[in-house]
Amino acid sequence: MRLKAAAVILLASALGLTGCKLVKTADKDREAEAGAFDPDKLVAEMWDGKVIPYLEQRAAPLRDVLAATAADPDAAGQKHGYKAKQGNAPWTFIAKVDGTIVAEETASRAAYVDVDVDGDAKADVRVAIGPAIRGTALRDSLDFVDFNAFKNQIEWAQFGKSFNTHVNATLLETLPRENLTGKRLTATGAYPLPAKGQLPQMVPAAVTVGD
Amino acid sequence: MNITRRLITVGFAAVLAAGVAMPAFAADLIAIITPSHDNPFFKAEAVGAEAKAKELGYETLVLVHDDDANKQSQLIDTAIGRGAKAIILDNAGADASVAAVQKAKDAGIPSFLIDREINASGVAVSQIVSNNYQGAQLGAEEFVKLMGEKGNYVELVGKESDTNAGIRSKGYHDVIDEYPDLKMVAQQSANWSQTEAYSKMETILQANPDIQGVIAGNDTMAMGAIAALQAAGKGDVIVVGFDGSNDVRDSIKSGGIKATVLQPAYAQAQMAVEQAHDYIANGKTPAEEKQLMDCVLINADNADKLETFALAD
């Protein structure tokens, strides 16, 4: 009788463990079915259904995020951003920009515009407009993706880059490139906690440039 | 019935042994195993881990595997034989090290990996991974900027058997290859070595006198390259390294090498020991096994804050 009880407990815990692993195996099987690791596809599949809704839901006006960050970066990060539970990554913030372009750099392949959101004619944020985009801010802003689910740092990095590739192909390639200064820009995007005295460097997930 | 009871008792004993916190007393030993201390980066890891372990009241056993997986396996045996309570390891190969770490686990000794990851999870308690790819991207972005997005350049790659040599090279090209006006005229391995980088650079310069930049997979190779360039009267060629050593810091400050990327060697080794202590003393495992440690760009703006692989605030 005792033996049976012990066996049941063992079985239950074995099942519990197997249950955990099954999820991973299923993921891996799906990955195997789809062939080799394909980060572009992973990003494309989660973009409309998960990434955009998440960012739209979490993004606050940039002025509010900057003010909160100046007061208390950690509290601001909890409210307006995300960072991995462990390791030493900085907070990545999520914000909405609505302002006027006050400077543009389009000669570089890592092109950007500087945007004023509070009407003082001074830049408050630097928005990347590609085709080369620095960093992995979009990936790092998402609370539903995790390095531990990837095989190694190479795949994790490629996954991060695929967000930039996706934004570039679907959004930035069609943006106007000339005489941007003075035009209105709206964007929703992410940026890592900037170094002291530097502008936030935002990678947009949505962007419009008007008159 | 008797047998059943005994089985259950044994089972309970095992559960108790695994679950109950064991106090750390002075005699507890932590083994610290890294590649050769000839490279100051690995020395900083060992020194950082040892200092933290002593601070927490442990004895330490500091060993080097020289990037030899067989030697690493023997050192793990030594750690097991000496009854180490935990192993801090900068491993000798992502695939080759899995069995060695598993062997320690089977002997009841938890491993806490630093710097390099292994291609398996659930074997080590934690893997505090230097984000070499992110660091390489940072270094490459600075290199691209310094080059004005154009020109001929040389890449010096690290030791082929070291995973990080490939990761850094991939990270560099991930960024640089987006700039079609940057042309790589030579790519050679100098095996992390300063003297080899010097002689390779000399040879490359003979075939390609018209180069504007050199991007190196680590700082010792960057030091070799800048020396060869200066000897050839080409000290204005842009050189970027990787690691954040004091040698390169001094070169940056005197206008030689332009930038490098700091891996927080000292801090991550200390973090690993703290996690080992938490595991030994309280049975606590970190929330995530794999923990990424981002790298920081070092250039003329912040070089004077760098000391022994740590950046002052």
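These legends walk you through several close-up views of a predicted model. In it, local features need pLDDT of at least 70 and side-chain atom pairs count only at pLDDT 80 or more, while totals for chains, interfaces and linings use all residues. Residues are numbered from 1 along each chain as its sequence is written, and chains are lettered from A in the order in which they are written.

**View 1. Chain B as a whole.** Chain B has ten helices and 14 strands; helices (H or I, at least four residues) and strands (E, at least two) are DSSP runs, numbered from the N terminus. Its C-alpha trace spans about 85 × 35 × 30 Å along the principal axes. Of the 313 residues in chain B, 50% are buried, meaning that 20 or more other C-beta atoms, placed from the backbone, lie within 10 Å of a residue's own.

**View 2. The core around B:Ile88.** A nonpolar core is a set of buried Ala, Val, Leu, Ile, Met, Phe, Trp, Tyr and Cys residues joined through C-beta atoms within 7 Å. The largest one has 99 residues, and B:Ile88, B:Ala216, B:Ala225 and B:Val239 touch the most other members. Look for the partners of B:Ile88, including B:Ile30, B:Phe112 and B:Val273; two residues are in contact if their C-beta atoms, placed from the backbone, lie within 7 Å. In soluble globular proteins, nonpolar side chains tend to be buried together.

**View 3. Helix 6 of chain A.** This helix covers residues 153-172, and its 20 residues should span 28 Å at 1.5 Å a residue, where the expected span is 1.5 Å times one less than the number of residues. The end C-alpha atoms are 27 Å apart, which agrees. Among its buried residues are A:Trp156, A:Phe159 and A:Leu172.

**View 4. Where the two chains meet.** The contact takes 27 residues from chain B and 21 residues from chain A. On the side of chain B, the elements giving two or more residues are helix 1 (2-19), helix 5 (132-146), helix 6 (163-176) and strand 11 (290-293).

**View 5. A cis peptide bond in chain A.** A:Gly130 and A:Pro131 are joined by a cis peptide bond, with omega about 5 degrees. You will find A:Pro131 in strand 5 (residues 125-131) of chain A.

**View 6. Positive phi at B:Asp243.** This residue, which is not a glycine, has a positive phi near 135 degrees. B:Asp243 sits in the loop between strand 9 (238-240) and helix 9 (246-253) of chain B. B:Asp243 counts as buried because 28 other C-beta atoms lie within 10 Å.

Notes. Buried ≥ 20, exposed ≤ 12 C-beta atoms within 10 Å, placed from the backbone. Lists of a residue's contacts leave out its neighbours within four places in sequence.
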